[in-house]
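This report describes selected aromatic contacts and a helix packing in the structure below.

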Amino acid sequence: MLVGEAGIGKTRTANELAIHARARHIIVLRGRCFEGERTPPYGPWRTALRALPTSNSVPEAVPLLSAVSADAPVTLPGGEARARLFEAVIGLLRAGGQERPLLMLLDNLQWADPGSLKLLEHLSAEIAETPILVLGTYRDTDLDDRHPLRSALAELTKESGFRRIALSGFSPQEVGLYLARTLAAVPSSELVHEIHFRTDGNPLFLLELVRDMAETQPARLGQLRIPPGVKETIGVRLGRLPDDSLKVLSTASVIGRIFALELLAQALEDVPIDRVRSALERAQSAGFVQEMPDEPGRYRFTHALVQEVLRDRLPAAQRSRWHARIAAAMEFLAGSDIDAWAGAITYHLSEAADPQSLAKFVPLTLKAADHAVANLAPDQAMTLLDRALLVKSRMPYACSDRQTAELLCRRARALDDMARSDEAAESLSQAFDLFAEFGCIDRMVDVALTPVQRAIHAGSSVTWSYADTGLQALRERALAVVPPGSIQQGRLLAHQPSPRDIERALAISRSEKDERLEMTALWHLSYAHLCAGETGRARSEEEAAWAIAGRLGDRWGARFLLYRRCQSSCLVGDLAAVMESAREMLADAERLHSPLSMAAAHQASAIAAHMGGDWDGCREHARACLRLQPGRGETHSHAVVLATLALTECETGDMDAVEGHLRSLGIVTGSAHAPFPFYLPKMAWITGDTRRIDAAAEALGAIAPAGAPFEWVTMGRTFACALIAVLRGDRDEAKRFLDYYRPWKGLRMPWNASGMASDALVALLLETLGRHEEAMCAFEDALAFCRRSGYRPELARTCRDYGEALLRRDAPGDAARADDVLRDGLDAARSLAMVPTVARIEAALEEAGSDGASRRIREHPAGLSFREIEIIRLVTRGLTNAEIGGKLFISPHTVARHVQNTLEKTGMANRTELTAFAFRNGLMAD
């Protein structure tokens, strides 16, 4: 980073570097940021990437890069799209750098839009192995403590390749050299001292002063016409321009640092365009402006201070009038493409501050905010909306009108895209109150259903956290005022937790012949009936919803139905259908270039892979989902995926990786304060480590059920609490949950990776209650369900639990049956490298003294475990800890711990001796 005050030479230094780079056949990409609201989303990246040759090796970048390399807006839903855009830009730069090194210059980052800064942060973390140098410039004098560039610099500083180079003014000796070359004479020491004192060696100040000296020929130092600041110096030179040129430049200064001839001429409607062009030519000759070489008809003030001097010299009333005229000129030139201009127009309307301008201000702000969100820049939308709310707060009746409510709705959407759910819910609540004040029932319903509609458009059920934000209360309030039997009531009832309410919504939809409402009610009702065990009825309703979606051509509804089909297929134990639906979701999201939907599809695919024991596939899809998430563990989806990864590492015994995922979830050792602690009991059930159970129970107790047995929060909380009852041996709680789960025979609850077959859970609850005969029947049902469904890890664990239960009961024939069941479980667990499950089954077999597995265990020398034998065999092949970890899917640190344990058990000193031990005991690798 080149840093320094205005005029210190940052841009000139960057230009010199670009010249040297081009001479060495380095590709130079350059982007500039402009002051105020006139920098579009990712403006500097748009300009820079135009100079990069198109790379056929990154075809997936083309649809997204329309936000960067072209002027067309991107219409991708949701803030997750920005993560995919970032990956596409990095992929394009990497592809471009394969042919020749790249130099990217980003000028004036103090004016960069927030999205551009986020992209720069992301790029800095990903380009370590790419032949690219990124050089940014910014003014440190323009940064206050809350400036967004401050936080961006804090992130960039963490990267090892980051350097900050502060440019200072010329020394007195350097000023003397410059004066000697410019004046073609040796300056006196007094002149050098005076000029250095007045300019502090700032190159721009120095240049302006020397130009003034050349024009005025001062007789002595006292006549140097440089005031305390450079603005006055520029003002003196501006006074030499003809009046028509000064008028043209003054108007241009109100537009901004960059301005187009066409816009300037339109604003100066009383001045012919030829005279405007001539005035600019004179200004260019005087060094005040320059035509941008790659964009004919667009001009740039040579320095921001020139623009500031011109703008500040205008009286406030005259400046306001010019803002109004410029806004009108922009509207005229925008034509039907008003959305792309809306941000700049609203800036000028707010500065004009006359009643006519302010009447247009809010509608255009809404357009500008929608445009910014569509271009993956929700933070820029927030800036526009917050400014609009501030302006309206100074207007009459600002606190109780519908426009303010609309601004708050847009603000909620932007906040949700930024993973700030609590603030989003607060904005929605404020909007709801304003609509209620004016009796706008339709908009009240829209606001109450905003999170649901956003989830439907994503093709998933992931949205704001109802448990924490109280958005359910908005639906209840809306229900209290809508007319009975109306479409509005039906829309609200269709999303209520109670199946009875959903059936009422279905009746309203058919009475009013509203197929879209009927489709919505059917898909929710089918899921409710499925969870109640009414699978035939549920499937019939699901197919009816599919048929309506096809008739309506409702692609959003169809995508949501795919997600619902994943859930329902999982519940009934059809893993193949889950995976097929997830593949369809992913293909659909890719066709529509929808990263939010892609995240939902990858999440469903990760869960399906986990349930089938495909650990690598689970990791691959989970990581893809996390890359598409905007937050860092702040969203429901992010937490679910992290927890699924933690469960996967639990299964394979990599506890170091588990701890890392739990830390990302906000769960520290001995506590469970994450928003979604539903997964901790299952981790304890897998590993036998119950240290976090009390903390999990406490956290679960603070989460209020959402009210319906088929709603995810209720399902997840109920399952976790039931498993805690089993782990604690709590008979009272076990009896309560047994009654709860009895109706759900033959299902898997809940649908994600945190659950298990309902028959297996019922069997564990019966065991806890000492009802062994019933428990054995439930275990048999669970085994049949797992074998039929293809849930291989669950099959292995159910065999483990069933075998242990048989050994505890110890009735005639139980030992033989336990041996068979445990052997089946051991084979399944070994094939999936389920380390904790393998160890526990081996221990059960050894304790029972059965012939097969227990004898093999006793024959392991030095008391080595199955995992330690695996480690020794890989050590004998000369593999490193990292290579062993890669084969066994555990961390190198975990491998090192196992190796140390084997050395201690065998009494060997190092790997060489351990290899000799393996040879003597027949443990060498095949």
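Tyr 740, at 28%, is partly exposed. The ring centres of Tyr 740 and Tyr 741 lie 5.2 Å apart with the planes at 75°, so the pair is edge-to-face (rings of Phe, Tyr and the six-membered ring of Trp pair with centres within 6.5 Å; planes under 30 degrees apart are stacked, over 60 edge-to-face, the rest tilted).

The model is predicted: local features need pLDDT of at least 70 and side-chain atom pairs pLDDT 80 or more, while totals for chains, interfaces and linings use all residues. Numbering starts from 1 along each chain as its sequence is written, and side-chain values use heavy atoms, without hydrogens and water.

## Other aromatic groups

The aromatic pairs number 6. Tyr 42 and Phe 86 form an edge-to-face pair, 6.4 Å centre to centre with 80° between the planes. Both Tyr 42 and Phe 86 are buried. Phe 259, Tyr 299 and Phe 301 make up one aromatic cluster.

Ser 605 belongs to helix α31 (residues 595-612), helices being DSSP runs of H or I with at least four residues, numbered from the N terminus. At 10% relative accessibility, Ser 605 is buried. Leaving aside residues up to four places away in sequence, Ser 605 touches Ala 582 and His 621 (heavy atoms within 4.5 Å).

Conventions
Helix = DSSP H or I, 4+ residues; strand = E, 2+ residues; numbered from the N terminus. Buried < 20%, exposed > 50% of the residue type's maximum accessible area, 1.4 Å probe, protein only.
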